Amino acid sequence: MTLVSRTPHLQPPAPKKRRVIDRRQLWMLYVPIALICIIGGCLRWIHLGTESLWFDEGMTAWLIGVPFKEMTQFMRQDASFPLLFVLLKGWTKLFGDSEAGMRSLSALAATLSMLVFARLAWGITKSNLATIGALLIFAVCPLQIEYVKDARYYALLCLFLLIALECVRTHLETNRVWPLIVFAIASAASLYTHQIAAFYLMAIDVAWLILPCEQPMRIRLRNAAMANMAIVVLYAPWLPIALDQVRWTSNHFWAQPPDGNEFLRTVSALVGGKPYQLKDWLVSIGQEWARRPDAHLASLTQLLIALSPEQVAGIVLVISIIALLAALMVERLSRAAVALLIVAIGPLLLIYLYSLLGKPAFIERVFIASTAPLALLVAIPLASRYGRWIAAPLVLSMLAINAGSTHAMMQLSHKEDWRGAEAYVAKLPTDSRRLLVFVANEGQLAFDYYAKRSQAKPTWSLETGAPGGYFDINPPQVLRQVKTDADLANLARLLKGEKFDEVVVIKSHPWWADPNDLTGNFLYDQYNEIGGLDFNGVMVTRWERREGGSSSLENDLKNFTGRVFRK
């Protein structure tokens, strides 16, 4: 009897096809992307250590040296977030804690963001021209370049949110599981980097449901819910501290209620036209044209110089709106354009409304992640065969605006010079008993960073602040203000108990820390102002103790003039 096998005939596995590189694709897409990334990388990495640390970076330099337990205790009464500082602890052990060493982590994050952005742009548009155009704009975006030279959260935040958005797109296109896992990890990392990520992740969830794909809506909702549950689990350990931060910032945060002009300037900056820097650039062009004997150029020069920053922002906004409308008119990509617009503008509008109705939190730099979808939206019309001739002038205009803002920012804008302030104080005579008073008191962190690095013998006897020294309270409290004379009680007791020959006031952010200059008025009654310098917003003022309780007529007049000027 013959036995018949019921198992189907097993065919040998088909040999894997060898991947053939399309040389035309290589030269038309990959080579331009590589060249643009090199240019953008150079803009992000050059001059990392040229500028001094500024006020907020002083906080970074201090926090990376604090044990993690003490760091979390401090963050319950602050708006800082842990991931950047944990990463920088290890990073600075490898690359040092110099200005360039601390900022290089942001530079790396911003460089990787360009690669993720290029993949996102190609995945959405499937167009070489649109991908290259979008990447060009993103590579020279002034906000991206400005905050990469900043040892703070913003470049890292942008990278994590870009990864999250690209993972959503990849999952919808391939229906694979790994993008969901990476999405959950990147999203949780963005929340550990800055709480503004919560608003962007909500916008990305909405985009998840809008982006075009063949996946049924039921499956989209299920996968999005599972991924967001994973984010909640990953973020749960930090949630109690995050709630403490929300309660603290509701009463202590420094941001002021935004008005229409600030909203206009912020949107203009996000699309690449920083109004003040762009105006400075236009003025420099106008001044160059003014040297030429041409009547037409003379009238154009007067027009450029007369433009206000808000008018410049309005012009940029009109051009960008036309470009965005052109993107929505590309039928094949209209749903993707809507999704990108929600990711770019949704968080901006939510925070703006919250700042008007609740506690102000509208700050330009926290919206840095919006620069990526906006750059892509401007370039989307290049993916249309019929619309690219209309879109090309708009893309070139936005590219010129971004490049002009970046050029002006790199040439004309400078950070606070705490390095120069410390060097100035370090060169003062050593034969005086000298007290340093920091207003705002967090400025002590940036100053001490340079004092420690210089390893020179201090020319001062004691450091304090107004309304108190930064380390007078444990854990330290930030954003303390001098609002009334009572806030100077600690300083008054210190000056009464110890005789200092000289008081050096080191003031920064005075509009918040001491808006009425109560510290200067208080010292006026006991000391003579004998000089000082301004280091790009860090104002160092020297006060000499009066002998016998009175001053000369010359010093009286000088102090009176200074007092009126301060008021």
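User: What makes strand E3 (residues 502-507) count as mostly covered?

Analyst: Six of the six residues of E3 are buried, and buried means under 20% relative accessible area, with exposed over 50% and partly exposed in between (1.4 Å probe, protein chains only). A word on the source: this is a predicted model, where local features need pLDDT of at least 70 and side-chain atom pairs count only at pLDDT 80 or more, while totals for chains, interfaces and linings use all residues. Residues are numbered from 1 along each chain as its sequence is written, and side-chain values use heavy atoms, with hydrogens and water left out.

User: How do you know that both faces of E3 are covered?

Analyst: In a regular strand, side chains alternate between the two faces of the sheet. On one side of E3 are Glu 502, Val 504 and Ile 506, on the other Val 503, Val 505 and Lys 507, and every one of these is buried.

User: Which strands pair with E3, and in what sense?

Analyst: Strand E1 (residues 434-439) pairs with E3 in the parallel sense over six bridges, and strand E5 (residues 538-545) runs antiparallel to E3, also joined by six bridges. Both count as pairs because DSSP has to find at least two bridges between the strands. On the E5 side, Glu 502 is bridged to Glu 544.

User: What makes E1 mostly covered, and where else does E1 pair?

Analyst: Six of the six residues of E1 are buried. Arg 434, Leu 436 and Phe 438 point one way, while Leu 435, Val 437 and Val 439 point the other way. E1 also pairs in the parallel sense with strand E2 (residues 462-465), over four bridges. There, Phe 438 stands opposite Gly 465.

User: How many disulfides does a search of the whole structure find, and how do you know that Cys 158 is in none?

Analyst: The search finds zero disulfides. For Cys 158, the nearest cysteine sulfur belongs to Cys 141 and is 8.5 Å away, whereas a disulfide needs two cysteine sulfur atoms within 2.5 Å.

User: Why is the pair of Tyr 192 and Tyr 235 called edge-to-face?

Analyst: The structure holds 20 aromatic pairs. In this one the ring centres are 5.2 Å apart and the planes stand at 65°, which means edge-to-face. The rule is that rings of Phe, Tyr and Trp (its six-membered ring) pair if their centres lie within 6.5 Å; planes under 30 degrees apart are stacked, over 60 edge-to-face and the rest tilted. Tyr 192 is in helix H9 (residues 178-193) and Tyr 235 in helix H11 (residues 217-235), so the pair links distant parts of the chain, 43 residues apart. Both Tyr 192 and Tyr 235 are buried.

User: And what makes the pair of Phe 362 and Phe 367 tilted?

Analyst: The centres of Phe 362 and Phe 367 are 5.2 Å apart and their planes are at 50°, so the pair is tilted. Phe 362 is buried at a relative accessible area of 2%, and Phe 367 is buried at 0%.

User: How do you know that the charged end of Arg 546 sits over the ring of Tyr 524?

Analyst: That charged end is 5.5 Å from the ring centre of Tyr 524. The test asks for NZ of Lys or CZ of Arg within 6 Å of the ring centre and within 35 degrees of the ring normal.

User: Why is Arg 365 called buried, and what does Arg 365 touch?

Analyst: Arg 365 has a relative accessible area of 15%, so it is buried. Arg 365 is found in the loop between helix H17 (334-357) and helix H18 (371-379). Leaving out residues up to four places away in sequence, Arg 365 touches Trp 54, Asp 56, Tyr 147, Tyr 154 and Trp 254, where contact means heavy atoms within 4.5 Å. Tyr 147 and Tyr 154 also belong to one aromatic cluster with Phe 81, Phe 85 and Tyr 153.

Notes. Helices (H or I, at least four residues) and strands (E, at least two) are DSSP runs, numbered from the N terminus.
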